[in-house]
Amino acid sequence: MSTASVPVGAAALVRRRPPPAVRRQRFLVAVANHSLLIAAAIMFLAPFAFIVLTALMTNDQALSSHLWPHPFRWRNFSDVFHQAPLLRWTLNTMIYSVVATIGVVVSSVPVAYALARLRWRGRNLAFMVVLIALMLPPQVTVVPLYVMWSKLHPFGFHFIGTLWPLIIPNWLGDAFSIFLLRQFFLTIPEEYLDAARVDGCGELRILTTVVLRMAKPAIAAVALFSFLYTFNDFFLPLLYVGENPSHWVLSIGLSEFRSLRQVQWNLTMAATLLVMAPAIVLFFLAQRAFIEGVTLTGVKG
Amino acid sequence: MLLLMSPWLAGFSIFFGYPLVMTGYLSFTHYDLLSPAKWIGWANYSYLLHGDPQVWPAVVNSLEWIGIVVPLQVLFAFGVALMLARARLGLGFFRTVFYLPALAPPVAATLGFVYLLNPATGPINTVLGHLGIQGPLWFQSPSWAKPSLALLSLWGVGNTMIIFLAAILDVPRHLYESAELDGAGPLRRLRWVTLPTVSPVVLFAAVFGVIQGLQYFTQAYVAANIAAGQASQAGDTINNLGYPQDATLFYPVLLYQHGFVNFNMGYASALAMLLLAVAFAVVLVILLNSRRWVHYAGAVR
């Protein structure tokens, strides 16, 4: 980038050696900017800090106005597991998140490919409909869906109270993932696909070999978002398993944690921290996929 | 083509098209899931418009959220992204710090904030007290409950911020250099170089924020439940929706209450139809104007 300014000799000189006054001003601006950043960082981190500190307090202390734990009570983290079936909720959450995420990827990739790279009548209309489905609030269709699941009980199997009404729709395409994958597939150069076609590949082969290999970052992003979305999901689990504690997921369990047995704030904060942990650990393991994925959602409106 | 599209075709018709039509039908009926739906004409709609005392507060709450908090989120995320883009030291560190809260699951984050903002002994009011400031009642006060939720949403603004940061860093260097040669100061470079180049991304974020605002539910629901349980000390969570005094009764919360607490499916469908009309109008405006800014985004890259 900087090479672009080289031909303009005078300007390059000015940029390289600004007069002391300008340099001092720039230095001060940088100091001010970094001070602001540090102040903002402290404000962003403070809630985490207070949650951690409270999670290590005794109950009496959590209800006092002391901010520093005295003594540190590490037992809170193991007590949480005795107070509430946290493992059960984690298992339910994992079933929901993992099975739904696999479904989203498997079912959305072919649809996105057909919308991005195949030419057929009604393609634009179909894409438009995907966009509409993506943008309308889920509350618009939630009542009849609930009615549908409650009326549907094949072989005496009841869907209400189980996680199936949450999982099954994900196996039939997810509008957000289709949208994201389509935008990415559009950027794959046509030459690669044509080369494969010349070699006699059918569209399905092209998709499973060429496209899948080139779209790894996008697929990783879709899987990541789908996992986090289902992990965080509260509204749908509340509707379908809210009345059935043995099928509760972490989000529901945590929201009921305090009222369950009059549990204390210190344990509540310890549980809160445990629920926050997986996403944060996942972030540090796959930081690049996160940042790239988030950027991918925004850059190509 | 048909093979590739089939998962979505099935998913779309079963889980979107059919329920959408059924919402329309149910909105003209009285239906409690137990006895068959009974056609009652426009009665639900006339109750919605003239009878239900909670509709107007819920509509106002949601409009306030979309009109005030969503623009605040965009501005705040943009400000933080601007500071980050100018950072010379520790860009990676600061970016991680500002992004982390966005990873906290909504239920966990809400629980944390209700504790942090606990009026009597919460850490925030304790710190404010040391500074000689009498802290507000936060989630316990009808006038402070929404600002508390707004703080929570500003804390989790990381995704938008990352998108803005990527867009700002993408602005071609030579544009700044030529503006500087023409004698433009930092403010005018921001106004005439940065803003026009990133405006499609900002617009996209604003639109996305409005869509999210229309379905704002989880944080409001959890905050109301926990704060009400805290006030009563009984930990009792039967119908605390909107606590305190309907301050957190957003439109989706009202819909949930009628549909899934009272099982008044017909009336909830009428509420859903109103939401659909508003959401569809928003979506239509977006789609009709999208050509312009999608093209913009393509040209920038």
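**Exercise 1. Decide whether Y256(B) is buried or exposed.**

Step 1: locate Y256(B). The residue sits in helix α12 of chain B. Helices here are DSSP runs of H or I with at least four residues, strands are E runs of at least two, and numbering starts at the N terminus.

Step 2: apply the cut-offs. A residue is buried if 20 or more other C-beta atoms lie within 10 Å of its own, exposed if 12 or fewer, and partly exposed in between; the C-beta atoms are placed from the backbone.

Step 3: count. Y256(B) has 22 C-beta neighbours inside 10 Å, so Y256(B) is buried.

Step 4: list its contacts. Two residues are in contact if their C-beta atoms, placed from the backbone, lie within 7 Å. Leaving aside neighbours within four places in sequence, Y256(B) touches F217(B) and V261(B). Its C-alpha atom is 9.9 Å from that of L271(B), which is 15 residues away along the chain.

A note on the model: it is predicted, local features need pLDDT of at least 70, side-chain atom pairs count only at pLDDT 80 or more, and totals for chains, interfaces and linings use all residues. Residues are numbered from 1 along each chain as its sequence is written, while chains are lettered from A and ligands numbered from 1 in the order in which they are written.

**Exercise 2. Describe how α4(B) meets α8(B).**

Step 1: get distance and angle. The axes of α4 (residues 91–103) and α8 (residues 158–170) of chain B come within 7 Å and cross at roughly 140 degrees. Axes are lines fitted to C-alpha atoms, for helices over the stretch in contact, and angles run from 0 to 180 degrees between N-to-C directions.

Step 2: name the arrangement. Under 35 degrees is roughly parallel, over 145 roughly antiparallel, 65 to 115 roughly perpendicular, and the rest oblique. Therefore α4(B) is oblique to α8(B).

Step 3: name residues. Among them are F98(B) and Y99(B) in α4(B), and M161(B) and I162(B) in α8(B).

Step 4: sort by class. The contact has eight nonpolar residues, two polar and one charged. Ala, Val, Leu, Ile, Met, Phe, Trp, Tyr, Cys and Pro count as nonpolar, Asp, Glu, Lys and Arg as charged, and the others, Gly among them, as polar.

**Exercise 3. Characterise the contact of chain B with chain A.**

Step 1: count. In chain B, 83 residues contact 76 residues of chain A.

Step 2: find the largest contributor. Helix α1 (residues 2–26) of chain B supplies 14 residues, the largest share of its side.

Step 3: classify. The chain B side has 63 nonpolar, 15 polar and five charged residues.
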